Amino acid sequence: MIPDTHAHLDLIDQETGKVISAAEQAGVSPIITIGINLASSTEAVWYSRSFDSVYAAVGIHPNDTGNMTAGDADRLEEIARGDDKVVAIGETGLDYYRDRSPAERQKDAFRAHIRLARRLGMALIVHDRQAHDDTLEILKEEKADETRVVMHCFSGNPDMLREVLGRGYFVSFAGPITFKKSQAARKVASLVPDDRLLAETDAPFLSPEPFRGKPNIPERVRLVANELARTRGISPEEMAGLLTANTEAAFGIGTKEKKR
Ligand SMILES: [Zn+2]
Ligand SMILES: [Zn+2]
C-alpha cells in the first residue's frame, strides 16, 4: 500500500466513496485529507469518520487567512481534539505566490497553527510557496521541531533541504517531480534520507505525468512514488514500504489505530 499524505477530498469533483475505493483498489491507503478553512476542516473530519482509510488534518490555508479571527483558532482546536482520526494541524504556512491574504495575517495564523500542533502533539503540515526564508524563520522561532513537521510539496534547493533535515522535518513530494523539466526537484528528492521521505498528490491539484493539467485523484500518488523509487534506484515495493513506515512515523497513524 502507498499512502497519500496530502489530498483535498472535499475539493475533488467526483463522488468521494468512489474516489476512495478506486484508490484502495490501486493500492493507495491511507489518505490524509487536508482542511483549508473551518468548513473544509469539519468536512475532513467527516470523511475520516466515514471511511476507514481516511485520516484528517485540520487547518486554515495561508490563502484563506484573510478573515481569520482569534475565535477560529479556538474552533480549530475543538475540531482537532474532537476526533481520534485527526492526525495533523494544517495546512498552514506562507504563500507569497498568491497574495490573497496579507503576509502579516498569514504569519500570525502560521504561528497559531504551530502552537496548536505543539500543544496537541500533532504533526504540522507546512505549505511554503515562494516564502522559504520567512517560513524557516517562523518555524524556528515557534520551536516547531518540538513536534513532527512535514514540508508539503517541497520546493526548496539542496541548501534548504539540508536545513530542514537538520531540524528533523519530514519532506514530501507531489506530482511536479514527474514533470520533464523537474530535474532539480528530482535531485533534491534523491538527497532525502530514506526515513524522512513522504509522497502526496495534493489532489485535485498537481496531477503527475501523464495526467498533467487534469484534475488529480489520490490513486495517482503511485506515479509519484514510482518516480521517487526511480530517482533512488529502489523497487516500487521497497518505496511503498518506506513511505508507509514514514507516514506512520510522521502522523502517528499506526499507534492511533492501536489505541482505537
Ligand atoms: Zn499546499
Ligand atoms: Zn494542499
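**Figure 1. Contact of helices α7 and α8.** Arg-186, Ala-189 and Ser-190 in α7 meet Leu-228, Thr-231 and Arg-232 in α8; two residues are in contact if their C-beta atoms, placed from the backbone, lie within 7 Å. The contact of α7 with α8 has two nonpolar, two polar and two charged residues by class. Here Ala, Val, Leu, Ile, Met, Phe, Trp, Tyr, Cys and Pro count as nonpolar, Asp, Glu, Lys and Arg as charged, and the others, Gly among them, as polar. The view comes from a predicted model, in which local features need pLDDT of at least 70 and side-chain atom pairs count only at pLDDT 80 or more, while totals for chains, interfaces and linings use all residues. Residues are numbered from 1 along each chain as its sequence is written, and chains are lettered from A and ligands numbered from 1 in the order in which they are written. The axes of α7 (residues 183–190) and α8 come within 9 Å and cross at roughly 75 degrees. Axes are lines fitted to C-alpha atoms, for helices over the stretch in contact, and angles run from 0 to 180 degrees between N-to-C directions. α7 and α8 are therefore roughly perpendicular to each other. Angles under 35 degrees count as roughly parallel, over 145 as roughly antiparallel, 65 to 115 as roughly perpendicular and the rest as oblique. Helices (H or I, at least four residues) and strands (E, at least two) are DSSP runs, numbered from the N terminus.

**Figure 2. Helix α4 and its surroundings.** α4 has 18 residues and reaches 26 Å from its first C-alpha to its last, close to the 26 Å expected at 1.5 Å a residue; the expected span is 1.5 Å times one less than the number of residues. Gln-106, Ala-109, Phe-110, Ala-112, His-113, Ile-114, Leu-116 and Ala-117 are the buried residues in α4. A residue is buried if 20 or more other C-beta atoms lie within 10 Å of its own, exposed if 12 or fewer, and partly exposed in between, with C-beta atoms placed from the backbone. The buried residues of α4 pack against α3, β4, β5 and α5. Glu-104 also lies in α4 (residues 103–120), but Glu-104 is exposed because 9 other C-beta atoms lie within 10 Å. Just after α4, Gly-121 takes a positive phi of about 65 degrees.

**Figure 3. Packing of α3 on α4.** The axes of α3 (residues 70–81) and α4 come within 11 Å and cross at roughly 30 degrees. That makes α3 roughly parallel to α4. The crossing is right-handed; a crossing is left-handed if the near helix is turned anticlockwise from the far one by less than a right angle, and right-handed if clockwise. On the α3 side, Ala-73, Leu-76, Glu-77 and Ala-80 meet Ala-112, Leu-116 and Leu-120 of α4. Six nonpolar, no polar and one charged residues make up this contact.

**Figure 4. Packing of α4 on α5.** α4 and α5 (residues 132–141) pack at an angle of about 40 degrees, with their axes 10 Å apart. The two helices, α4 and α5, are therefore oblique to each other, and α4 passes α5 in a right-handed crossing. Lys-107, Phe-110, Arg-111 and Ile-114 in α4 meet Asp-134, Ile-138 and Leu-139 in α5. The residues of this contact divide into four nonpolar, no polar and three charged.

**Figure 5. Helix α2.** α2 (residues 38–50) has 13 residues and reaches 19 Å from its first C-alpha to its last, close to the 18 Å expected at 1.5 Å a residue. Its buried residues are Ser-40, Ser-41, Glu-43, Ala-44, Val-45, Tyr-47 and Ser-48. These pack against α1 (16–25), β2 (28–34), β3 (54–58), α3 and β4 (86–95).

Figure 6. Most residues other than glycine have a negative phi, and most peptide bonds are trans. A cis peptide bond joins Ser-29 and Pro-30, with omega about -5 degrees; Pro-30 is found in strand β2. The peptide bond from Gly-90 to Glu-91 is also cis, with omega near 15 degrees, and Glu-91 is in strand β4. Gln-130, not a glycine, has a positive phi of about 50 degrees and is placed in the loop between β5 (123–129) and α5. Gln-130 counts as exposed because it has 12 C-beta neighbours inside 10 Å. Asp-202, not a glycine either, has a positive phi of about 60 degrees and lies in the loop between β8 (197–199) and α8 (221–232). Asp-202 counts as buried because it has 26 C-beta neighbours inside 10 Å.
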